[in-house]
Amino acid sequence: MVIPARAFLATPYLTHLDLQRCKVERLEEGAFRGLGRLVYLNLASNGIVLLYQESLDGLSSLQQLILEGNRIEEIQPGAFGHLGSLTVLDLRANALVYLPDMVFQGLQVLRWLRLSHNALHVLGSEAFAALPALRRLSLDHNELQALPGEALARLDGATWLDLGHNPITYVAEEALAMASLRHLFLDHASLQDVAPDAFARSPQLRILDLRENQLQGLPPLAGVVGLVRVSLDGNPLLCSCLLRPFHKWLARARVHAEGACAAPPTLRGRSLDSLKSPEMRCSRLWPPPSPMAPPEQPRAASKSQCPWGCVCSPDFHHGSCENRNLQEIPRDFPEDTRLLDLRRNPFRTVPPDAFPGLKELVSLHLQRCSIRVLQPGALQGLDSLVYLYLTDNHLSTLAAAAFEGAPQLAYLDLDHNAFTHVPAGIFRLLPNLISLHLQHNAIGELAEGDLAGARGLRWLYLAGNAIRHIAPAALAPTKMLEKLQLEGNRLSEVPTAALWGLPALSELKLSRNPIKHIGDSVFLPVASSLQHLYLDNMGLEWISPHAFTGLGPKIRSLYLESNKMSNIPDMSNFTGLEILNLQDVPFHCDCQLLPLRRWINKLNLRVGATCGSPAEAKGLKVKLSTTFQTCPGWGQGKAGETNPNKTKAASKSSKKERLGKSPARGFSERRA
């Protein structure tokens, strides 16, 4: 679904708008203009990929914006520029890899920024500039390999920083300069060493969480005069003489340390606060660790020139030549350009070495450029390129050599081209590829070897092709695959054999395929990981009673709407369901459906199940149909089944109990 410009002009007094799980894929520029009184907007769990500069224009009173659980890969600076009243911005569980400079400009009163569960590994040094009111920043569960000290130094007022679950190995000297920071979380990282003055420029630090790392010890920490607690549980602490200086510092500074010795054997399991210095002896068997801090890379000097007819922004490090009717790709952009927008120009081809000197370029937009060929070496020298958008071109093949020189590429968007096969051979040159978009092409099958080399791929989008067959080993190289979207193809059966060997697959979309029957155990290969299953709009006529064998409490959402079956298998063990859609399914409401009716009654979810037959029940909600009252066993079980008023009262009570959940995570709006 696309939300068009000025979609809400007829509701100018709206203050709260909940659009979560509405299958929104794009926000047109100006979509929310006219909603000047809106204070709360929830767009969670949709399919939004990009936020453009004017996507959120008109929301001058907005205080909370929930964008959790979308597919946002990139945010253009200026996207939040009109949200001057925003206090909470939730971008958790998206697909962000890079934050450009000034990306949050305009958020003058923002207090909490949530960026957890993305894939961030590149942050612009000015990414968090212009956030004077920010107090809390969540960056946990990302791919940061070093503490982004330069970017964080802009947050003078932040008091809470969560960097847990990132592969950070070392915290260097004066790595963190946050004057007001009080709580720092670096748990479940890969830390092997921390410099003595790593936090010296964060003097207000009180709580330091270093749990579940690889630390054998710590030095005395300089400059943190307010520190009261250090958590070291889950580290392989070596309680030898090497730890004595830290142990003495704990006592002198009156800092409480949580943690236990892993070695030597005589002290294994002893808590740090129970140790005495004479017990901490040295042996030649335990040499002191000597980690090396990674050397800083010299930065190339930037140039101030800009090609004729283009616009270059030194503050944002952007270059744009959009829709200038250019026949050839222009050159001589500033060397520090990080985002280059060349959309809507009839280039037709991308020649070798088309982007000289742009070693810092992160995002390249070549949509709607009539491109038919990427010549070998086209991306040569783009050492930092993360995003490449080639949507709406005329590409039918890709030479592997075209991708030489762009090893950091993580997002490749090839939607709306002319591919009849997956462009095999390119993935061996793209070791960091996370997301591959091949939607709305003319691909007829997935063959063995098509994805060879795509070992880090997490998200594969193949909707809107003509795929009839997936070879059993076609997906074998993608062992880290989390999302597989196959909706709108020509599959006549669930590709069970191809799903083996995908232990991380959590989302499978098979919507709008002509699958009429679903047999036994078809989802068993991914039963241990699958959370979201889409089987809607397929004309499905029959589901085997054992079709969902292996699936259970992990399933969070199941979409079965707009099909033709009259019954569904027992799903009583789907205890984790948050979304169940059974709309437009012609259920035959007789006694065989009574177990389903009872189960639906207990779910407290709005499922939309309606009777299609017999004639006296047609059109009635399954849970309200009286046809079940003549069934044997109708009066058995809880009284709530025999008394509709009690059922409603229980439902209301249960709903009230759940309203305490946060707007981003709760599902109260969907509950019946």
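A disulfide here is a pair of cysteine sulfur atoms within 2.5 Å. The model shown in these views is predicted.

**View 1. Cys239 and Cys261 form a disulfide.** The two sulfurs of Cys239 and Cys261 lie 2.0 Å apart. The torsion about their S-S bond is about -100°, so this disulfide is left-handed. Cys239 sits in the loop between β19 (237–238) and α2 (244–253), and Cys261 in strand β21 (residues 261–263), so the bond ties together parts 22 residues apart in sequence. Cys239 is buried, at a relative accessible area of 0%. Cys261 is buried as well, at 4%.

**View 2. Cys241 and Cys282 are joined by a disulfide.** The S to S distance in the model is 1.4 Å. The link is left-handed, with -75° about the S-S bond. Cys241 lies in the loop between β19 and α2; Cys282 lies in the loop between β21 and β22 (311–313). The pair connects distant parts of the chain, 41 residues apart. Cys241 is partly exposed, at 23% relative accessibility. Cys282 also counts as partly exposed, at 42%.

**View 3. Cys306 is bonded to Cys312.** Their sulfur atoms are 2.1 Å apart. With 80° about the S-S bond, this link is right-handed. Cys306 is partly exposed, with a relative accessible area of 30%.

**View 4. Cys369 is in no disulfide.** The nearest cysteine sulfur belongs to Cys321, 10 Å away. Cys369 is buried, with a relative accessible area of 0%. The model has six disulfides. With the bonded cysteines numbered in sequence order, they pair 1-3, 2-4, 5-7, 6-8, 9-11 and 10-12.

**View 5. Eleven strands build an open sheet with parallel pairing.** The order is β2-β4-β6-β8-β10-β12-β13-β15-β17-β18-β20. Strands β2 (16–18) and β20 (256–258) stand at the edges. Each has a single partner strand, so one side of each is left without a neighbour in the sheet. The twist averages 5° from one strand to the next.

**View 6. Strands β17 and β18 run parallel.** Strand β17 covers residues 207–209, and β18 covers residues 229–231. Three bridges join the two strands. Asp209 stands opposite Ser231 in β18.

**View 7. Helix α3 is mostly covered.** The helix spans residues 594–603, and seven of its 10 residues are buried. These are Leu594, Leu596, Arg597, Trp599, Ile600, Asn601 and Leu603. Asn604 follows α3 and has a positive phi, near 60°.

Key: Residues numbered from 1 in each chain as written. Predicted model: local features only at pLDDT ≥ 70, side-chain atom pairs only at ≥ 80, totals over all residues. Heavy atoms only, no water. Pairing = 2+ DSSP bridges. Helix = DSSP H or I, 4+ residues; strand = E, 2+ residues; numbered from the N terminus. Axes fitted to C-alpha atoms, helices over the stretch in contact; angles between N-to-C directions. Buried < 20%, exposed > 50% of the residue type's maximum accessible area, 1.4 Å probe, protein only.
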